[in-house]
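Thanks for sending this one over.

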Amino acid sequence: MAMMGSTAAVLLALVVVASPLLLAASQPVGAPSMAPPAAAPATNNSRLEKAYVALQALKKAITDDPKNLTKNWCGPDVCSYYGVYCATAPDDPCARTVASVDLNHGDLAGTLPEELGLLSDLAVFHLNSNRFCGALPDALRSLHLLHEIDVSNNQLTGNFPSQLLCLPNVQYVDIRFNNFCGEVPAAIFEKKIDALFINNNNFEFTLPANFSSSTASVIVLANLPRVGGCLPSSIGDMAGTLNELILLNSGISSCIPPEIGKLDKLTVLDLSSNGIVGKLPDTIGNMRALEQLNVANNMLAGEIPESICALPNLKNFTYSHNFFCGEPHRCLEVPHIDDRQNCIAGRPDQRPGEQCIEFLHRPPAQCAAHGQSSPPPMYAPPPPMY
């Protein structure tokens, strides 16, 4: 997956590679130099003074720093702090400012102070794989230039951080693997963002009607078993931007609408471990960019459409633990398939015959235009095989 917005990536590259201040700061203390003695450092401008207050507050709020990442966070020269990158201020070519804070994989423990809102020019805020707890500070809503926020794999709590809805330039939102709970506001799907990762939290909400309004290229709502709802027929409206959609183990209970075939840029589709019923639409055969398709651990039935197995880029097709009764021989030519625990005659490791007969004698799912099924199936799918 593409994890960095292009604008922020270019900004960081310029800061790290081209900034003479950072290159100078990287020289060992006492190293010989042929250059004339440097002039006394200029007094910090007001932006860097505020950044000093913010970063010192963060250092104070850190209760455990096993890798000593903040050991050199002393003195007013914040541009020399580990994990802090400065650049020219976007509205003043004569001023420098803090553009990025990147403390990924630091194993840092502590909380996040409200003073972080003083980093008003921050474009990138990366704190993934640490042990920060508590809520995200409300003051983050003032970071109007923020382009990327990644606080994944921490111990953060509270409701969905609504501060993110106030950030006009945010493109990359990653809050996965935390302990956030409650509703996810429908407004997040109206934001013009490129990537949304909210998986592996404790959210409880219904997939909103405006889900298909999202312009994101990557959406991951996995392992949110109390989400629920239906895949809307308007899902085809996401064709212009969507590249990866991962909704595994998210309580989705509906049919797969045929309009999903309009997603001709999609490379990854994972709908596994839900309560999806009905047949696999043959329109998926129009998704010519598709490389990975996983619909395992649902209650799908009927035959696998040959058009799907004929997709030119399909490398992995998993449809195990359903009730499919047939698959074209062409499916066996896909580089990797998993068709176990279905009702396919002649294939190994299928369901017992009586289980297939019992399921197939139930009333068939009636898929409405809005994607719901009626009546609901009477057979519960097996637990996820992960």
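This is a predicted model: local features need pLDDT of at least 70, side-chain atom pairs count only at pLDDT 80 or more; totals for chains, interfaces and linings use all residues.

1. The largest cavity has about 40 Å³ of space in it.

2. **What lines the cavity.** The residues around the largest cavity are Arg47, Ala51, Thr97, Val98, Leu118, Leu119, Ser120 and Asp121. Sorted by class, that lining comes to four nonpolar, two polar and two charged residues. Two elements, helix H3 (46-61) and strand S3 (92-102), each contribute at least two residues to the lining.

3. **How H3 sits.** H3 lies across S2 and S3, and the angle between H3 and S3 is about 15°. S3 is also a member of the sheet described next, where S3 comes between S2 and S5 in the strand order.

4. **The sheet.** An open sheet is built from 12 strands, with mixed pairing, in the order S2-S3-S5-S7-S9-S11-S13-S14-S15-S17-S19-S21. Its edges are strand S2 (84-89) and strand S21 (336-338), each of which pairs on one side only. From one strand to the next, the twist averages 10°.

5. **One pair in detail.** In general, the strands of a sheet pair through backbone hydrogen bonds, in either a parallel or an antiparallel way. Which sense applies to strand S15 (residues 268-270) and strand S17 (residues 292-294)? The two pair in the parallel sense, over three bridges. Within this pair, Asp270 has Asn294 of S17 as its bridge partner.

6. **Gln366.** This residue belongs to strand S22 (residues 366-367). Gln366 counts as partly exposed because its relative accessibility is 47%, and that class covers values between 20% and 50%. Gln366 and Cys255 are 111 residues apart in sequence, yet their C-alpha atoms are 8.5 Å apart in space.

7. **The chain as a whole.** To finish, here are some overall figures to set beside the details. The secondary structure amounts to five helices and 23 strands. Of the 386 residues in the chain, 51% are buried. Taking the contacts between residues at least 6 apart in sequence, 48% join residues at least 24 apart.

Technical notes: Residues are numbered from 1 along each chain as its sequence is written. Side-chain values use heavy atoms; hydrogens and water are left out. On a 1 Å grid over the protein atoms alone, a cavity is a set of points where a 1.4 Å probe fits but cannot get out, and a pocket is an open set with protein on both sides within 12 Å along at least five of seven lines; lining residues have an atom within 4 Å of a point. Grid points are joined across faces, edges and corners, and a volume is the space filled by probe spheres set on the points. Helices (H or I, at least four residues) and strands (E, at least two) are DSSP runs, numbered from the N terminus. Ala, Val, Leu, Ile, Met, Phe, Trp, Tyr, Cys and Pro count as nonpolar, Asp, Glu, Lys and Arg as charged, and the others, Gly among them, as polar. Two strands pair if DSSP finds at least two bridges between them. Axes are lines fitted to C-alpha atoms, for helices over the stretch in contact, and angles run from 0 to 180 degrees between N-to-C directions. Contact means heavy atoms within 4.5 Å. Buried means under 20% relative accessible area, exposed over 50%, partly exposed in between (1.4 Å probe, protein chains only).
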